[in-house]
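Hi everyone, thanks for making time this morning. I'd like to walk you through a model, so please have a look at it on the screen.

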Amino acid sequence: MSQGPRSGLAAVSSALLAMSRHLEVRDVLKTIVASARELLNAQYAALGVPDDHGGFAQFVVDGVSDQQWKAIGPLPRQHGILAAMLQDAKVERLADVRKDPRFEGWPSAHPDMSDFLGLPIRDGDEVIGALFLANKLRSVGGNPPHPPRPKPEGSCGFTEEDEELLSILAQHAAIALTNARLYERSRELTIAEERSRLAHELHDAVSQKLFSLRLTAQAAAALIDRDPSRAKGELHQVAALAAEAADELRAAVVELRPAALDEDGLVATLRTQIQVLDRAHTARVTFAGRGVKALPAAQEEAVLRVAQEALHNALRHSGAEHVDVTLDRRGSGAVLRVTDDGSGFDPTAIRRAGRHLGLVSMRDRASGVGGTLTVESAPGKGTTIEMEAPGG
């Protein structure tokens, strides 16, 4: 008997530590759900974060495959048992959720559920989410597991001890979720400040370039009749200034462009952007994503930014006819490769090449999330940029 409480405490401790490791809201939600399902030995777990319109801003599940989730359809609305947990802010422990008078059914592809344990996640007086479990597994262990033991008729597989354990988890989940929201808000403010700074710098730099371009163009116009040779030189300078202004603008757009990672995920975002690039450039640009699971949000952003920089280099500077992008699973992480058949360069001339091709920036992005970046290139032999992200 003494082993039970100690092992239970160890499991709770592991779950709380897992939640505290993550800072992004999406990662925290996934960890809470997975921890709750494992801790209470349930077949299914889910967590919904309500919006202000009768639905859910986010809804995370565990125990349901990606194929099942897609087949189920749109996110649920706040009705039935879900609404009760959000509005009444009390625990619901049911022997069979289907027999509850508030039950309003579910889509045809939805898995069958009976035992139900749900409770609100609260931050003070505010309900910030609803956490629920379904189908208590009563396996007696073994490998493979023995069949579940039958439960007494009319009883709920989830016990009062389960309810108490989930309540403890929910209290800490509220702290973790609140901290994650504060972190993301802080990051948003930092990004806003950085964008404001970039906007001022962009305005100053481009304004100066355009002012110089206008004066140079006026000088060329004044010289065109009496000194065509000098006028030609001035026009060359106009072209150079215009190119510099375009580079300033392009660099700023790359930094400021938002990514649809939260809505679409890394693979879909990369695929969409590469399809656009393939249509916009004469070079053939292809993408293949193989077996990649979702990465922590910061890593997904870093992979996307490295891919964008590497693609920009290949399409603007290398003269490549083909650019191939792959994203493959490696352990719990992923490996990005951007390969072109362009002019290549000498990687040993790292100072010049690093500035020109943004290699320093790419390495900083990779190392900033615990990843690595390698570069393979040679004059006339094309270039391969590879980034490995460790995963979560």
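I'll talk about the pocket, then the cores, then a glycine in a loop, and finish with some aromatic rings. One thing to keep in mind throughout: this is a predicted model.

Let's start with the pocket. The largest one holds about 1,600 Å³ of space. Its lining is made up of 38 residues, and those nearest the centre are Arg26, Lys30, Asp66, Lys293 and Ala294. If you sort the lining by class, you get 18 nonpolar, nine polar and eleven charged residues.

Which elements supply at least two residues each to that lining? They are helix H2, at 25-39, strand S2, at 56-62, helix H3, at 66-72, and helix H7, at 261-280. H7 has the largest share, with eight residues.

Now for the cores. The largest nonpolar core has 34 residues, and the members that touch the most others are Leu336 and Met387. Helix H7 turns up here again, as one of the elements giving two or more residues to this core. The others are strand S6 (284-290), helix H8 (297-316), strand S7 (322-330), strand S8 (333-340), helix H10 (359-368), strand S9 (372-377) and strand S10 (383-389). The biggest contribution to this core is from H8, which gives nine residues.

Leaving aside neighbours within four places in sequence, its contacts include Ala302, Val303 and Val306. Also among them are Ala334, Val335 and Leu336, and then Ala366, Val369, Thr372 and Leu373. Apart from this core lies another one, of 29 residues, and Leu29, Leu47, Leu131 and Ala180 are among its members.

Next, the glycine I promised you. Glycine 380 sits in the loop between S9 and S10. Is glycine 380 buried or exposed? Its relative accessibility is 60%, so it counts as exposed. Leaving aside neighbours within four places in sequence, glycine 380 is in contact with Gly342, Ser343 and Gly344. Phenylalanine 345 is 35 residues away from glycine 380 in sequence, yet their C-alpha atoms are 7.4 Å apart in space.

Last topic: the aromatic rings. How many aromatic pairs does the structure hold? There are five, and I'll show you two. In one of them, the ring centres of phenylalanine 59 and tryptophan 69 are 6.0 Å apart and the planes are at 5 degrees, so this pair is stacked. Phenylalanine 59 is in strand S2 and tryptophan 69 in helix H3, so the pair ties together parts ten residues apart in sequence. Phenylalanine 59 is buried, at 13% relative accessible area, whereas tryptophan 69, at 25%, counts as partly exposed.

The other pair is phenylalanine 116 with phenylalanine 132, also stacked, at 5.6 Å centre to centre and 25 degrees between the planes. Here the partners come from strand S4 (residues 116-123) and strand S5 (residues 126-136), so the pair links parts that are 16 residues apart in sequence. Phenylalanine 116 counts as buried at 5% relative accessibility, and phenylalanine 132 counts as buried at 10%.

Notes
Residues are numbered from 1 along each chain as its sequence is written. This is a predicted model: local features need pLDDT of at least 70, side-chain atom pairs count only at pLDDT 80 or more; totals for chains, interfaces and linings use all residues. Side-chain values use heavy atoms; hydrogens and water are left out. On a 1 Å grid over the protein atoms alone, a cavity is a set of points where a 1.4 Å probe fits but cannot get out, and a pocket is an open set with protein on both sides within 12 Å along at least five of seven lines; lining residues have an atom within 4 Å of a point. Grid points are joined across faces, edges and corners, and a volume is the space filled by probe spheres set on the points. Helices (H or I, at least four residues) and strands (E, at least two) are DSSP runs, numbered from the N terminus. Ala, Val, Leu, Ile, Met, Phe, Trp, Tyr, Cys and Pro count as nonpolar, Asp, Glu, Lys and Arg as charged, and the others, Gly among them, as polar. A nonpolar core is a set of buried Ala, Val, Leu, Ile, Met, Phe, Trp, Tyr and Cys residues joined through side-chain atoms within 4.5 Å. Buried means under 20% relative accessible area, exposed over 50%, partly exposed in between (1.4 Å probe, protein chains only). Contact means heavy atoms within 4.5 Å. Rings of Phe, Tyr and Trp (its six-membered ring) pair if their centres lie within 6.5 Å; planes under 30 degrees apart count as stacked, over 60 as edge-to-face and the rest as tilted.
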